[in-house]
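User: Hi, I have a structure open and I'd like a quick walk through it. Can we take it topic by topic?

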Amino acid sequence: MKQLSIVVVLIALLFSNFKAQAQDKTAKIQSLETKIEAITKEEREGLKQEVKAINQRFDKGELSLEEAQKLKETAAEKRVINIEVRTARLKEEISNLKQETDAEFSDEDDNNYYFHIVKKRKNRHYNRTDSQLVLAVGFNNVVSEGESFGDSDYKFGGSRFLEIGWAWRTPLLKESNFIRFRYGISFQINNLKPTDNRIFVNQNGETVLENFPLDLDKSKLKFTNLVVPVHFEFGPSRVIKRENYKRYSIRKKFKIGLGGYAGFNIGTRQKLIYDDGGERVKEKIKGDFNTSNLVYGLSSYIAWGSTGLYLKYDLSPLFDDNQPIQRNISLGVRFDMD
């Protein structure tokens with residue numbers, strides 16, 4: 001009887017030791033994963049700041065559209081490499097800990113407590129929702145009711161737009177990634193440059209174009225919107241399975257997105273540059289210019305991998321109370337920084 005008691009005590013001690021070891025390894029894995037998430041977040045925030053600085057240089061005219069885009073792509077590639085380098089050792093440690101834990105509790109008859117720990121950790125590595133930085137650049141123009149698009153009052157090459165935002169993507173089907181729901185938040189910076197030597201003026205409650213008495217070097221209206229884009233995205237993907245996780249990859253895959261956006265106009269200003277008696281004058285005129293406060297519209301994209309063709313069309317009028325009604329339309333290139 002005494003020997004049996006000693007055996008029971010030894011088994012209890014052994015069980016407690018195994019339990020403590022499993023808890024310790026699980027805590028270490030969670031700590032390493034937290035560090036990886038922090039590094040990834042830090043690099044993404046760094047990229048957002050770099051892109052912001054590039055956009056500011058572009059707005060000031062220090063960079064061309066091509067130069068700005070090249071700098072953004074270089075910055076994104078650098079941040080991806082930073083994440084891989086900084087997290088490589090942490091990922092290796094996690095892999096080793098998981099292999100040790102799985103080896104210790106591979107028998108189906110082992111205690112349910114340990115099985116629950118391993119199962120819970122493995123499931124945590126299948127994240128259905130991922131996120132991306134979204135960039136889009138291109139050209140603007142205006143569609144007027146009852147007027148030909150070819151008779152536009154705006155320069156096709158000089159009227160441009162820039163969109164930058166953050167988007168999330170979630171599969172709509174449980175066992176398939178073919179249909180995804182995309183949603184996020186974006187800044188849309190739209191510019192319109194009138195043809196000839198004209199500027200925007202508010203005339204009896206309507207925004208119209210009038211000839212400027214001096215020779216203009218530049219005349220443009222800039223309106224900035226904060227919007228929430230929503231898209232249904234369709235396209236194939238590749239399943240990547242590992243021992244401890246599963247995810248979908250759409251890298252180098254065709255995709256199409258259909259949806260729209262809604263939000264608010266958060267700023268409008270007109271920029272003029274002209275020569276006045278030999279003096280170069282730069283003038284920025286802030287005001288609402290009768291632009292619509294509420295903005296909404298339709299948008300779509302068709303892409304291969306991270307690069308695609310992007311089209312957006314405002315259903316809301318560009319100017320309130322103007323006749324005929326004018327609506328902004330944009331065509332450009334979109335980049336999803338997966």
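This is a predicted model: local features need pLDDT of at least 70, side-chain atom pairs count only at pLDDT 80 or more; totals for chains, interfaces and linings use all residues.

Analyst: Here is a short chat about rings, pockets, cavities and a few backbone details.

User: Okay, rings. How many aromatic pairs are there in the whole structure?

Analyst: A search of the whole structure turns up 7. One of them is Phe200 with Phe319. Their ring centres are 6.2 Å apart. The planes make an angle of 45°, and the pair is classed as tilted.

User: Where do Phe200 and Phe319 sit in the chain?

Analyst: Phe200 is in strand β4, residues 198–203. Phe319 is in the loop between β12 (307–314) and β13 (326–337). They are 119 residues apart, so the pair links distant parts of the chain.

User: Is Phe200 buried or exposed? And why?

Analyst: Phe200 is buried, because its relative accessibility is 3% and the cut-off for buried is under 20%. Phe319 is buried too, at 2%.

User: What about charges over rings? Which residue lies over the face of Phe161?

Analyst: That is Lys312, at 5.0 Å from the ring centre. There is also an arginine to look at. Arg334 lies over the face of Tyr301, at 4.2 Å from the ring centre.

User: New topic: empty space. How do you even find it?

Analyst: You roll a probe the size of a water molecule over the atoms, and that shows where empty space is left.

User: Nice. How many cavities of 30 Å³ or more are there?

Analyst: The search of the whole structure gives 4. The largest cavity has a volume of about 100 Å³.

User: What lines the largest cavity?

Analyst: Its lining has 13 residues. Val134, Ala167, Pro229, His231 and Arg334 lie nearest its centre.

User: Now pockets. How much space lies in the second largest pocket?

Analyst: About 520 Å³. Its lining has 18 residues. Asp59, Ile189, Lys222, Thr224 and Arg269 lie nearest its centre.

User: Which elements give two or more residues to the lining of that pocket?

Analyst: The list is α1 (2–59), β3 (176–192), β6 (216–234), β9 (254–276) and β10 (279–286).

User: Which one gives the most?

Analyst: β9 does, with 5 residues. Strand β9 is also where you find Gln270.

User: What classes are in the lining of the second largest pocket?

Analyst: 9 charged, 5 polar and 4 nonpolar residues.

User: Switching to the backbone. Where is there a cis peptide bond?

Analyst: Between Gln323 and Pro324, with omega about 0°. Pro324 lies in the loop between β12 and β13. Phe319 is in that loop as well.

User: Is Asp196 buried or exposed?

Analyst: Exposed: Asp196 has 63% relative accessibility, and exposed means over 50%. Lys252 is exposed as well, with a relative accessible area of 59%.

User: Last one. What is the C-alpha separation of Val227 and Gly263?

Analyst: Their C-alpha atoms are separated by 4.0 Å, yet the two residues are 36 apart along the chain. Val227 lies in strand β6. At 0% relative accessibility, Val227 counts as buried.

How values were computed. Residues are numbered from 1 along each chain as its sequence is written. Side-chain values use heavy atoms; hydrogens and water are left out. Rings of Phe, Tyr and Trp (its six-membered ring) pair if their centres lie within 6.5 Å; planes under 30 degrees apart count as stacked, over 60 as edge-to-face and the rest as tilted. Helices (H or I, at least four residues) and strands (E, at least two) are DSSP runs, numbered from the N terminus. Buried means under 20% relative accessible area, exposed over 50%, partly exposed in between (1.4 Å probe, protein chains only). A charge sits over a ring if NZ of Lys or CZ of Arg is within 6 Å of the ring centre and within 35 degrees of the ring normal. On a 1 Å grid over the protein atoms alone, a cavity is a set of points where a 1.4 Å probe fits but cannot get out, and a pocket is an open set with protein on both sides within 12 Å along at least five of seven lines; lining residues have an atom within 4 Å of a point. Grid points are joined across faces, edges and corners, and a volume is the space filled by probe spheres set on the points. Ala, Val, Leu, Ile, Met, Phe, Trp, Tyr, Cys and Pro count as nonpolar, Asp, Glu, Lys and Arg as charged, and the others, Gly among them, as polar.
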